[in-house]
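Let's take a walk through a protein model together. Have a look at the sequence and the fold before reading on.

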Amino acid sequence: MATGTETTTRAKLRWGLLDVLVVVFALVPVLWIASLSFKTPATLTDGKFIPREWTLDNYKTIFDTDQFVRALVNSIGIALIATLIAVVLGAMAAYAISRLDFPGKKLLVGVSLLIAMFPQVSLVSPLFEIERQLGLFDTWPGLILPYITFALPLAIYTLSAFFKQIPWDLEKAAKMDGATQGQAFRRVIAPLAAPGLFTTAILVFIFCWNDFLFAITLTSTERARTVPVALSFFTGESQFEDPTGAICAAAVVITVPIILFVLFFQRRIVSGLTSGAVKG
Amino acid sequence: MADIVLDKVSKSFPDGTVAVQDVDLEIADGEFVILVGPSGCGKSTTLNMIAGLEDISSGELRIGGQRVNDKAPRDRDIAMVFQSYALYPNMTVRENMAFPLRLAKLDKETINQKVDEAAKVLELTALLDRKPANLSGGQRQRVAMGRAIVRQPKAFLMDEPLSNLDAKLRVQMRTVVSRLQKQLGTTTVYVTHDQTEAMTLGDRVVIMRGGAVQQVGPPQELYDHPRNLFVAGFIGSPSMNFLHAAVQDGSLHTALGDVPLGDRVRRELEAADAPRELILGIRPEHFEDAELVDDDTRRRGMEFEAPVDIVESMGSDKYVYFTVEGEKASAAELEELAADAGAADFAGGGGNLVTRLSAESAVAEGQSRRVWFNLEKIHLFDPATGRNLTLRDGRAAGALDD
C-alpha cells in the first residue's frame, strides 16, 4: 500500500513535470511576442524576456492606422457570419445523417469527407478566377463562401457524433407529446446538442479566423482583407522603420478574440447534459 | 377516451421480413389490454403502429371510430410511456409534464393547474422543480406517467414501462399503474414480456408469437384454457410441465404411466391424419402428494412414483422437482419458449417435473415418492401444429372427456 501511493506520487510528479515542459514549450513563443510588443524600438533586439522600458506605442501605432482596424472588423465579421451559417447548415445536415436513412447518405458523407481532405492550395487559382467572374472577388461573401465550404465537413462530422448520442426515444416522446418534427428538433434535440453546437462553433471560428491562404488570394484591398493578411502588409512609418513591434502588438491583439470566444463558449460546454433522460 | 380497433394490421419491412401479421384486435373504451410475448414477437411494433411512430403496411387502424393510418402521432391524441422514460433532461419535472400542454397552446394558468393535479396523483409535488438527473428510477418512471396523463388523451400506450425498475419497485409500480388506469378509466395498451405483469394488470391479454396473435382473453381464461402449446407454456410460473406421449391402443403411453383417454379425444385421434405422438401438459398445481388425496379425488386422476430431486418449501406450499425418465417432449414452440426464458427457468420440455404439493406433504429430497395428478386438468397438444386437442368449445376438458 505504502509503495503504491509512493509510486503514484512519483508518477504524478513525473507527469506534472512533463506537462509543465510541454506548456512552457508552447507558451514561450506567445509570451515572447507579447513581450516584444511592449518594447521600444531601441530595446527591441536586446534579447531580454522582460522589457527594460515598457511602452504602449506599438499598440497606439496599429490602432492609429486605419488599415489594421478595418482588417479587424473584416475578420470578426467574416468569421462570425461564416461560423453561424456553417453551424446552422451543419446541424441540419448532421441531424439528417444521424437520424434518417435516405438514398445517397453514404455519398453525402463521403463527399464531405473528400472536401475536408482536399488540398486547399490546388483550389486557390480556380477560385480566384471564378470569384473574379462572379464579382465576388475582394468582398465579404467571397471569403465567407469558401470558409463555409471547408468548415461544413468539420461541422457535420462533429455534430453528427453529438446527435447520435442523444437517445432517439426523446424525439419519439416529443412527437407523442404533440410536437412536429421541427418542434422536436428545436425544443428537445437542439438544446441537448448545445455542447456539440458550441464545440463546433469554436472549431469553425478558429479555422476562419486563422486562414491566410484564401484571405490573401481572394482579396486585394481593405474592403475584405482580414487581419492575418493585413499583418503581412504591415510597414513602418517610413521605409527605414522596422515594424516588428507593431506586428507583435497586432499578433497579440488578434489572439484576444479567439481566447474570448473560447472562454465564452467553454462555459456552455457542460458535459453530461443528457444524463437523466433515459433510465438510470 | 375511445376504443381502438386493429383490422388486419400488418407490418412488413422493405427487406421482406414480416414483423406483424394480420392482427385483429378490438380494444373497448376504457379497457386495459396487455400485449405480451417473447422478444421479437412484434408486440412493440404493434404498439408503435398504434402510436403512429411506425407506418402500417396494410390493414386499418381506427381510434374512436376514425381511421388514423395516415395521421401523425400528434394528431392521434394518444400518450405514450417509454421503456427508457425518455424524459427531457434539460427541463425540470414541471416543464417535462407541461411540455405536451404547452405544445397544445393552453394558457399558463390551465397548464399549471393540470400539472399540479397530475403531480398530486403521482406524489410528485415535492419534486416539481428538480431535473430528471436528480431523480431515482421510480421517480423518473412516475414523471413519465405524469407526462402521459396530464393532457387526458384518448388512450395510453405503455412500452414495457416497468422493466427498468428493480423487482421490489416493479411490484409497487404495478399497483400504481393498475390503480391509475382504473381511476382515469382511459383505454390502455400495455406491452410487456413479463407474463406476471400480463396476468396481474390486464383486463385482457393478447399473446403474440412471431408477429401473429396466438390467443386473446382474460388472464384466467388463457391460463385455464390455452388454445395452443405456446400459450400454455408462456403463461404460468413455474411453467406447465410438458411430457412426450405416444398414442397406443386408445391410451397414452407416458413417463408417468399409461393415461386413459375419454371418447372425445379418442375419436379425434382415430382420424387418418391424427398425430401418433402427442405432448401432454400439466400445471404444477395439479399434482398432489398421493398420501394427502382422499378417495373421491383419487378417482379423478392417476398416480405414479418418481425420485425426488429438489424440494423448495415456500411455506404455503412446496415446490417439488422430480426426475422422470422417458423421451423429451419436443416442438418448435417449446424450444422458443426455452430460449426466451433461459434454460434454467423453463423446465417444461426436459426430464424434470415441477409439482406444487401441499405444505403438509412429508416429501424429502433423495427419496422416492408417490404422486397423484388430476386427469381432468391435463392438456394434450399436437406437436406439429401446437393445437390443444383437449379443448371443447374453447374450454379445456381434460383427457377423460366424453
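Here we follow a sheet in chain B and then a pair of helices in chain A.

First, some ground rules: this is a predicted model, in which local features need pLDDT of at least 70, side-chain atom pairs count only at pLDDT 80 or more, and totals for chains, interfaces and linings use all residues. Residues are numbered from 1 along each chain as its sequence is written, chains are lettered from A and ligands numbered from 1 in the order in which they are written, and side-chain values use heavy atoms, leaving out hydrogens and water.

Two strands pair if DSSP finds at least two bridges between them.

Now look at S6(B): four bridges join it to S7 (residues 155-159) of chain B, and the two run parallel. Here Ile78(B) stands opposite Ala155(B) in S7(B).

Move to chain A, where helices (DSSP runs of H or I, at least four residues) H2 (residues 57-64) and H12 (residues 244-266) pack at about 80°, with axes 8 Å apart. Axes are lines fitted to C-alpha atoms, for helices over the stretch in contact (heavy atoms within 4.5 Å), and angles run from 0 to 180 degrees between N-to-C directions. H2(A) is therefore roughly perpendicular to H12(A), a label for 65 to 115 degrees.

How values were computed. Parallel < 35°, antiparallel > 145°, perpendicular 65-115°, else oblique.
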